[in-house]
Amino acid sequence: MQKNIAVIRGDGIGPEIVEQALKVLNKVADAYSHTFHYDDVDMGGCAIDKWGDPLPEEMLKRCLASDSVLMGSVGGPKWDGVPGHMRPEKGLLRLRAGMGVYSNNRPAKIWPQLAGASPLNPSIVEKGIDFIIVRELIGGVYFGKHETEDKDGQLVATDTMSYSEAEIERIGRIGFETAQKRGKKLCSVEKSNVLDCSRLWKKVMHRLADEYPDVELSDMLVDNCAMQIVKNPAQFDVIVTENMFGDILSDEASMITGSIGMIPSSSLGATTCGLYEPIHGSAPDIAGMDVANPIGTILSAAMMLRFSFDMAREADAIEAAVSAVLDAGYRTSDIMPADPAQAAKYQKVGCSRMGELIIQNLA
Ligand code: NAD
């Protein structure tokens, strides 16, 4: 197969981690007789520096012309001072909206080899952590009106959140369909005791439930969900929620699995052209030091093969190679146990070495 992949290296650790994912994709291409063509696309802070825009129109067009987009991360303190509409993250929001990828899928699964890296009590971890957060990605407060005005000599900031029934219904269906393929339990998370958007959300979810009688639907307030994720994560199979709640809950969920550096994500809309990225940011504190964990990006590439290119065998091979490297005791610093006695059992490696080890273990 021939596939065109738009590659956004981005800022901070982005270029280092994407490099490892491309090495893995090249090895897969060799082993399985595929050809991957890469188109380097500028987005984020680097695009502001080069083009004065976090996502120039031409770059968006190149993403839309690709079979899928693989991305590292964008942003960093260098661009903290730029106006809101020009921030690096605005480029990412515009890319998601431009691609129409309304459904973000973030697995929270503990790798057995990393159970010790979870900050949770072992008695909670041993019950298992394996759930998916389906997050609405191109609506809600992140895409509402944002303004700061001077009212009677005082600055007043306003951000508006809105959701239509249609927006809720299409993400709700993804939630139900994802649950149908897994444990058939869907938890709809909202704040219906306060927000109108959440009351509409709940109403639509319950209307849809009639069409999916094999899925058990439950409701949970977002504040309770934040507590339940650390108290009893084994209760969850699939969580479906709106944009901002999903953003926050999925970062929380990633931490209980050991490290934010391990978690991939896929974002899909009406077509198979998806956006694949690790869930973490550009980690400016460790950028350029060759210590970042590239596994979240490598697993994002595996998701791209599985969900956009229908290459399940190849995706399985990447995931098995990651598992083999962890079995062999290699760890980047974020997944090393904090206890020195425990840490002595493992070998600390950097970002590029981790990439090489995964390639060596690709069957
Ligand atoms: P972050 O995810 O970049 O970092 C949080 C912590 O996790 C840091 O200590 C970092 O060193 C660590 N970390 C993150 N990824 C890691 C990896 N692969 N390996 C090892 N450690 C890792 O979040 P932040 O510090 O809040 O944000 C930094 C910048 O990234 C900001 O400009 C923010 O806006 C941006 N950001 C971008 C995205 C994106 O591109 N999708 C997402 C979130 C944040």
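How many aromatic pairs does a search of the whole structure find? I ran the search and it finds 4. For pairing, ring centres of Phe, Tyr and Trp (its six-membered ring) must lie within 6.5 Å; planes under 30 degrees apart count as stacked, over 60 as edge-to-face, and the rest as tilted.

Ground rules. I am working on a predicted model, where local features need pLDDT of at least 70 and side-chain atom pairs count only at pLDDT 80 or more, while totals for chains, interfaces and linings use all residues. Residues are numbered from 1 along each chain as its sequence is written, and side-chain values use heavy atoms, with hydrogens and water left out.

Entry: I looked up Phe176 and Tyr212. Their ring centres are 4.7 Å apart and their planes sit at 10 degrees, so I log the pair as stacked. It links distant parts of the chain, 36 residues apart: Phe176 is in helix α6 (residues 165-180), and Tyr212 is in the loop between α7 (196-209) and β9 (216-221). Helices (H or I, at least four residues) and strands (E, at least two) are DSSP runs, numbered from the N terminus. Next I checked burial. Buried means under 20% relative accessible area, exposed over 50%, and partly exposed in between (1.4 Å probe, protein chains only). Phe176 is buried at 0%. Tyr212 is buried at 7%.

Entry: the ligand. I listed its surroundings, taking a residue as near if one of its heavy atoms lies within 4 Å. The shell has 21 residues, and the closest are Val74, Glu89, Gly281, Ala283 and Asp285. I sorted the shell into 9 nonpolar, 8 polar and 4 charged residues. In this sorting, Ala, Val, Leu, Ile, Met, Phe, Trp, Tyr, Cys and Pro are nonpolar, Asp, Glu, Lys and Arg are charged, and the others, Gly among them, are polar.

Then I checked polar contacts (N or O atom pairs within 3.5 Å). An oxygen atom of the ligand lies 2.7 Å from a polar backbone atom of Gly281. For Val74, a ligand oxygen to polar backbone atom distance is 2.9 Å. For Gly76, I read 3.0 Å between a ligand oxygen and a polar backbone atom. The protein covers 68% of the 810 Å² of accessible area that the ligand has on its own. I took accessible areas from the Shrake-Rupley method with a 1.4 Å probe. The elements giving two or more residues to the shell are β3 (68-73) and α4 (88-99).

Entry: helix α1. I compared its span with expectation, which is 1.5 Å times one less than the number of residues. The 19 residues of α1 (residues 14-32) should span 27 Å, and the end C-alpha atoms are 27 Å apart, which agrees. Buried residues in α1 include Ile17, Leu22, Val28 and Tyr32. Ser33 follows α1 with a positive phi, near 55 degrees.

Entry: positive phi elsewhere. Most residues other than glycine have a negative phi. I noted Asp152, not a glycine, with a positive phi of about 50 degrees. Asp152 is in the loop between β6 and β7 (154-159) and is exposed at 84%. Lys184, also not a glycine, has a positive phi of about 65 degrees. Lys184 is in the loop between α6 and β8 (185-190) and is partly exposed at 33%.

Entry: contacts across sequence. Leu299 lies in helix α10 (residues 295-308) and is buried at 5%. I found Leu299 and Glu319 20 residues apart in sequence and 6.9 Å apart in space, C-alpha to C-alpha.

How values were computed:
Polar contact = N/O pair within 3.5 Å; in protein donor to acceptor, adjacent residues only side chain to side chain.
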